[in-house]
Each structure stands twice: as C-alpha cells, then as structure tokens.
Amino acid sequence: AFGSSPSYTIDGPYIDGISITQGSPRQHIWSYVVGVYDNGDCPECRCPCSSTGSGTASSPSFVGEDYYCDTGNPNSNYEGIVYPDRLWDGSGVSCVSGSTCCDNPDQPWFRKKLATPSTDNIEVRWCADEPRSNEFTATRQVELFIKTNEI
C-alpha cells in the first residue's frame with residue numbers, strides 16, 4: 001500500500017499502484033493503491049481504510065484522501081501471483097464490515113476539481129518499491145475523462 005519510508009515522495013514510489021499527477025513539480029491528482037493483503041502482519045502492506053487498518057501506514061500528506069486502496073489477496077501472506085479479484089471496483093476482499101475502502105459508489109471513477117485551472121500535462125505512472133518480478137499492477141485499461149470549464 002503506502003510506503004512507510006520518509007524518503008517516499010511524490011517523485012518516487014510512494015505507493016504500490018497507479019499514480020496520477022500533473023505539472024512540474026508534480027502535483028497529486030489521484031492514486032490507485034494496491035494493498036498486499038487485508039489481514040497480514042505487515043502494517044505498511046495493508047490499506048489504511050481496511051477493517052484491520054490500525055497501525056497501517058497512512059497516506060502521505062500530498063495524497064490526503066484522494067485515493068482508492070484495494071487488495072485482491074484473500075490470504076494473510078503474499079504469494080507473488082495475480083489474484084482474480086479486480087481492484088478498485090467496489091467489491092471483493094477489501095469490502096468487508098468495518099472497512100471504508102469501498103464506501104465510494106463511483107469506484108473506480110473519481111472526480112476531482114483542481115485548485116486552479118491548468119494546461120499542464122497529466123502523468124499516469126505505475127509505481128512499485130520492489131522489482132516488477134515481485135510487484136506488478138496488472139492493468140487492462142486506463143481511461144481519463146477531462147472536463148474543462150470554458151471561460
């Protein structure tokens with residue numbers, strides 16, 4: 001989920017998952033975060049919104065609440081396989097009693113109004129703090145819909 005190292009910044013692998021930012025320097029728009037599991041003994045591997053969220057690494061201040069976090073792993077250990085549960089779809093392993101991971105009915109969609117209008121490029125990055133052979137966010141499709149306000 002969220003890296004617990006203080007050296008993790010918006011320019012590095014602060015999550016396992018997908019980071020959406022804009023501009024230079026980067027400004028956070030949204031993060032799709034992958035938790036290793038929901039009930040294992042590694043606090044920084046769990047989603048902060050999970051039912052076992054106490055002691056987990058919280059989201060960095062530059063992320064705030066602008067993220068979805070989910071896991072497809074129903075086990076308490078990590079097996080290095082691709083789990084069949086789709087992430088960020090409002091159902092599955094993370095959506096249990098006591099969890100707030102699936103409270104937004106719009107998942108996987110998000111809406112965010114930027115603080116100021118911008119013509120900066122939007123960047124989508126796949127982040128991981130370990131080699132791809134160990135951490136890989138399998139992705140089938142990414143769609144971004146941008147609504148502009150005409151002046």
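Predicted model: local features only at pLDDT ≥ 70, side-chain atom pairs only at ≥ 80, totals over all residues.
Let me begin with a pair of strands. E1 and E2, the latter covering residues 27–34, pair in the antiparallel sense, and the pairing runs over six bridges. One point of reference along that pairing is Gly-17, which stands opposite Val-33 in E2. The two strands form a hairpin with four residues between them, and within it Gly-23 takes a positive phi near 75°.

E1 has another partner. Strand E4, residues 122–127, pairs with E1 in the antiparallel sense, again over six bridges. If you want to find this pairing on the screen, look for Ile-20, whose bridge partner in E4 is Val-124.

Buried here means under 20% relative accessible area.

Now the chain as a whole. It has four strands and zero helices. Read from the N terminus, the order of elements is β-β-β-β.

Next, the overall dimensions. For 151 residues, a compact globule would have a radius of gyration near 15 Å, and the protein chain has 15 Å, so the two agree. Taken along the principal axes, the C-alpha atoms fill a box of roughly 50 × 35 × 30 Å. The accessible surface of the chain comes to about 9300 Å², and carbon and sulfur atoms account for 50% of that. Of the 151 residues, 36% are buried.

On contacts, take those between residues at least 6 apart in sequence: 58% of them join residues at least 24 apart.

The largest nonpolar core has 15 residues, and the members that touch the most others are Phe-2, Ile-15, Val-33, Tyr-67 and Cys-69.

What does Phe-2 touch, leaving out residues up to four places away in sequence? Its contacts include Tyr-14, Ile-15 and Val-33. Further along the chain, they also include Glu-44, Pro-48, Ala-57, Pro-60, Val-63 and Tyr-67, as well as Ser-58 and Ser-59.

Technical notes:
Residues numbered from 1 in each chain as written. Heavy atoms only, no water. Pairing = 2+ DSSP bridges. Core = buried A, V, L, I, M, F, W, Y, C linked by side-chain atoms within 4.5 Å. Buried < 20%, exposed > 50% of the residue type's maximum accessible area, 1.4 Å probe, protein only. Contact = heavy atoms within 4.5 Å. Rg over C-alpha atoms; globule rule 2.2 N^0.38 Å. Areas by Shrake-Rupley, 256 points an atom, 1.4 Å probe, with all protein chains shown as cover.
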